[in-house]
There are 2 protein chains.
Amino acid sequence: MGEMIHLPRATFERLKMYRKALESVKKPFISSDEIAKFLEINPELVRKDLSYLKCQGKPRVGYDVEELRKELNDLFGVNSTTNMIIVGANDLARALVNQDFSKVGVKIVAVLDIESENVGKFIGEFSVREMDVLERVMRRFNVEIAALCISRDKAQATAEILIKNGIKAIWNFTGVHLELPSNVIVVDEDLTKSLLTIKHLLK
Amino acid sequence: MGEMIHLPRATFERLKMYRKALESVKKPFISSDEIAKFLEINPELVRKDLSYLKCQGKPRVGYDVEELRKELNDLFGVNSTTNMIIVGANDLARALVNQDFSKVGVKIVAVLDIESENVGKFIGEFSVREMDVLERVMRRFNVEIAALCISRDKAQATAEILIKNGIKAIWNFTGVHLELPSNVIVVDEDLTKSLLTIKHLLK
DNA sequence: TAGATTGTTAATCGATTAACAATC
DNA sequence: TAGATTGTTAATCGATTAACAATC
């Protein structure tokens, strides 16, 4: 079991796109051509990518949408829930709480903040807790991800506290380059990157 | 003039990273090795990338940080200001208003919403305006970018209105796949992509 | 000078596209 | 059957890495 196929990085990125594109598909079958048109890529590339999956298409028919959806969801572990806390009680935290991350199998279980004046405020349904409860929250909810939404100057120190308490992945909204042990997963969410792309395309 | 160098896509993406990395550099010179260590890539790759620029490094010294910074900022047009409106008055809008996009040459000039009950509310310093004022705002501020922060069901229709009024680029936070003329710049900001990456790495 | 670092060319690696046989 | 569509192999293209001469 666990026939660890090697999935090329570029393919992996596109599989996420296919997964999302399928969300809005109503028909039972879809061809590589249709997927390709939607995403503005080549149909050959779609077929190549999908050939890494167990899922097989039928000539003259296309791919079974439900089957494809299921395999992609399994691949990304979307059907099992991963618990996440938000650290930093501000508008960004509020925006995150409003998003529906259940469709990618992520559940927000608490909002913490290092600023004591925010403790007790509400972010959506969550009453903001102080950092001291981290250990307790970790134990209770088996938290794996922390979305880091605090100010730049406290980012590194707070990240270190999170890691010390067993957080496995940090979703970093601070814009600060975090220096952490290599076994920790850090994913930077950098909005200015998109703006630079837009500015360049506008020229 | 305008010696349009061909910039490989992968290089372009990394130039954004170099630009950002240089923000926190205090020394007058930096070597490709130092940049590479910071970003966890190969120094050869850094030198190759930088060789596309006019900027030249000095053997035994490295690259002139100020010179490099200037050329990268010019390349991305960061020193000229591009005006942006936000469409949709919610927590995400609030989060965006709080960000400092001036460092990438983007200025928020107004917040509009299609929901009349939000008109008049404040998002940061901005009093929310109705969509009717779009034409006027466009004329007054020479708006080029719209950050689309509204609900999924109104996304396509609202995007079309924006385009009709001369918006050149849409920064799409709605999660909806927009179908727009190919001359319009659409950049999707999809937070769930990062979560899928994290979920996959956690396995 | 010796040594560190750049810049560039060649070699390798990986990703995309073209071509086409297999199949329903 | 004829034709549309998949799946795969080979060819091409692009990106990274290795190697090393040039230079300060």
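**Entry 1: contacts with DNA strand D**

I began with Tyr63(A), where a polar side-chain atom lies 2.6 Å from a phosphate oxygen of DNA strand D. I note that the model is predicted. Gly57(A) uses its backbone instead: one of its backbone N or O atoms lies 2.6 Å from a phosphate oxygen of DNA strand D.

I asked which elements give two or more residues to the surface near DNA strand D. They are helix 3 (43-50) of chain A, and helix 1 (9-23) and helix 3 (43-50) of chain B. Of the atoms of DNA strand D that come within 4 Å of the protein, 63% belong to sugar and phosphate. By class, I listed nine charged, six polar and six nonpolar residues on this surface.

**Entry 2: the second largest pocket**

I next turned to the second largest pocket, whose volume is about 620 Å³. How many residues line the second largest pocket? I found 30, and those nearest its centre are Leu92(A), Phe173(A), Thr174(A), Gly175(A) and Gln99(B). Both chains take part in the lining: helix 5 (91-98) and helix 8 (191-202) of chain A, and helix 1 and helix 5 (91-98) of chain B, each supply at least two residues. I classed the lining residues of this pocket as 13 nonpolar, nine charged and eight polar.

Technical notes:
Residues numbered from 1 in each chain as written. Chains lettered and ligands numbered in written order. Predicted model: local features only at pLDDT ≥ 70, side-chain atom pairs only at ≥ 80, totals over all residues. Heavy atoms only, no water. Near = heavy atom within 4 Å. Polar contact = N/O pair within 3.5 Å; in protein donor to acceptor, adjacent residues only side chain to side chain. Helix = DSSP H or I, 4+ residues; strand = E, 2+ residues; numbered from the N terminus. Nonpolar A, V, L, I, M, F, W, Y, C, P; charged D, E, K, R; others polar. 1 Å grid on protein atoms, 1.4 Å probe; cavity = no way out; pocket = protein on both sides within 12 Å on 5 of 7 lines; lining within 4 Å. Points joined across faces, edges and corners; volume = space filled by probe spheres on them.
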